[in-house]
Amino acid sequence: MTQPAGPAGPDTDAVVTLTGRFADRDAWQAEGWCRIEHALELIGTRSAMILMREIYYGGRRFDELARHTGLTEAVAAKRLKRLVADGLLQRRPYQEPGKRTRYEYVLTELGRELFPALVALMQWGERLGREGGVELVHAGCGSPLGVVVKCAKGHEVALPDTAARLVTDGNGTDLP
């Protein structure tokens with residue numbers, strides 16, 4: 001059996017507090033309506049995330065994206081098509097002199113909103129102990145980027161201070 005990493009203490013077993021009707025774990029199933037599940041349907045593959053990484057780094061054109069990710073052209077094409085269909089990227093036409101029109105890939109607003117998740121993955125990945133890699137820093141001061149969870153009022157929130165509740169569908173009906 002694997003033991004939890006880090007020192008034992010009151011926060012070792014900390015999890016999100018379930019509230020209201022959501023607190024009865026036997027009364028609901030998350031499958032099909034969970035927001036995490038839905039997000040992972042869009043970007044939950046390694047190929048999708050490394051393509052998004054390359055787009056954040058300034059990659060635009062198919063050949064460049066496939067080359068920098070190490071993906072086969074077939075996998076890159078399929079994943080880019082899905083990222084466009086799901087609204088994270090859009091195709092923009094370009095034409096080099098004497099050549100046919102081609103398309104480059106650019107971020108949509110939805111794609112730009114994924115950036116904090118990428119920063120969080122990089123921040124977490126740094127803790128895994130691999131040497132080297134890329135560090136994201138603030139262009140204005142040079143300090144490393146990090147992700148902090150905050151509530152809408154601006155308070156930093158740790159895992160043991162988090163509560164989860166059911167939300168409604170807009171008509172006041174609890175979602176399943």
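Visitor: In what order do the elements of the chain run from the N terminus on?

Guide: They run β-α-α-α-α-β-β-α-α-β, and the secondary structure comes to six helices and four strands. Helices (H or I, at least four residues) and strands (E, at least two) are DSSP runs, numbered from the N terminus. Before we go on, this is a predicted model, in which local features need pLDDT of at least 70 and side-chain atom pairs count only at pLDDT 80 or more, while totals for chains, interfaces and linings use all residues. Residues are numbered from 1 along each chain as its sequence is written, and side-chain values use heavy atoms, with hydrogens and water left out.

Visitor: What makes helix α2 mostly covered?

Guide: Nine of the 11 residues of α2 (residues 46-56) are buried. Buried means under 20% relative accessible area, exposed over 50%, and partly exposed in between (1.4 Å probe, protein chains only). The buried residues of α2 include M49, I50, L51 and M52, and E54 is also among them. After α2 comes G58, whose phi is positive, near 105°. For the chain as a whole, 22% of the 176 residues count as buried.

Visitor: Why is E54 called buried?

Guide: The relative accessible area of E54 is 10%, and the limit is under 20%, so E54 is buried.

Visitor: What makes E54 and R53 a salt bridge?

Guide: A salt bridge is a side-chain nitrogen of Lys or Arg within 4 Å of a carboxyl oxygen of Asp or Glu. The closest N and O atoms of E54 and R53 are 3.0 Å apart, so the pair meets that cut-off. R53 has 25% relative accessibility and therefore counts as partly exposed. A search of the whole structure finds six salt bridges.

Visitor: Which parts does the salt bridge of E104 with R92 tie together?

Guide: In that salt bridge the closest N and O atoms are 3.0 Å apart. E104 lies in strand β3 and R92 in strand β2 (residues 89-94), so the pair ties together parts that are 12 residues apart in sequence. E104, at 12% relative accessible area, is buried, whereas R92, at 37%, is partly exposed. Strand β3 itself covers residues 102-107.

Visitor: Which residues does E104 touch, not counting residues up to four places away in sequence?

Guide: E104 touches R60, R61, Q90, R91, R92 and Y94, where contact means heavy atoms within 4.5 Å. A network of salt bridges links E104 with R61, R92 and E96.

Visitor: How do you know that R61 lies over the face of Y94?

Guide: A charge sits over a ring if NZ of Lys or CZ of Arg is within 6 Å of the ring centre and within 35 degrees of the ring normal. R61 lies over the face of Y94 at 3.7 Å from the ring centre, so the distance falls within the limit. Another case is R91, whose charged end sits over the ring of Y103, 3.8 Å from its centre.

Visitor: Why is the aromatic pair of F22 and W28 called stacked?

Guide: The structure holds two aromatic pairs. In the pair of F22 and W28, the rings are 4.3 Å centre to centre, with 25° between the planes. Rings of Phe, Tyr and Trp (its six-membered ring) pair if their centres lie within 6.5 Å; planes under 30 degrees apart count as stacked, over 60 as edge-to-face and the rest as tilted. The pair therefore counts as stacked. F22 is buried at 10% relative accessible area, and W28 is buried at 15%.

Visitor: What separates R112 and E109 in helix α5?

Guide: R112 and E109 are three residues apart in α5 (residues 109-113), which means about one helical turn between them. An α-helix has 3.6 residues a turn, so residues three or four places apart point the same way. The side chains of R112 and E109 meet in a salt bridge at 3.2 Å, N to O. R112 is partly exposed at 42%, and E109 counts as partly exposed at 45%.

Visitor: How do you know that L128 is exposed?

Guide: The relative accessible area of L128 is 58%, and exposed means over 50%, so L128 qualifies. L128 is placed in the loop between α6 (115-126) and β4 (163-164). With L121 and W124, L128 forms a nonpolar surface patch of about 360 Å² of accessible area together. Patches are made of residues with over 30% relative accessible area and no salt bridge: like charges are joined within 9 Å, nonpolar side chains (Val, Leu, Ile, Met, Phe, Trp, Tyr) within 5 Å.

How values were computed:
Areas by Shrake-Rupley, 256 points an atom, 1.4 Å probe, with all protein chains shown as cover.
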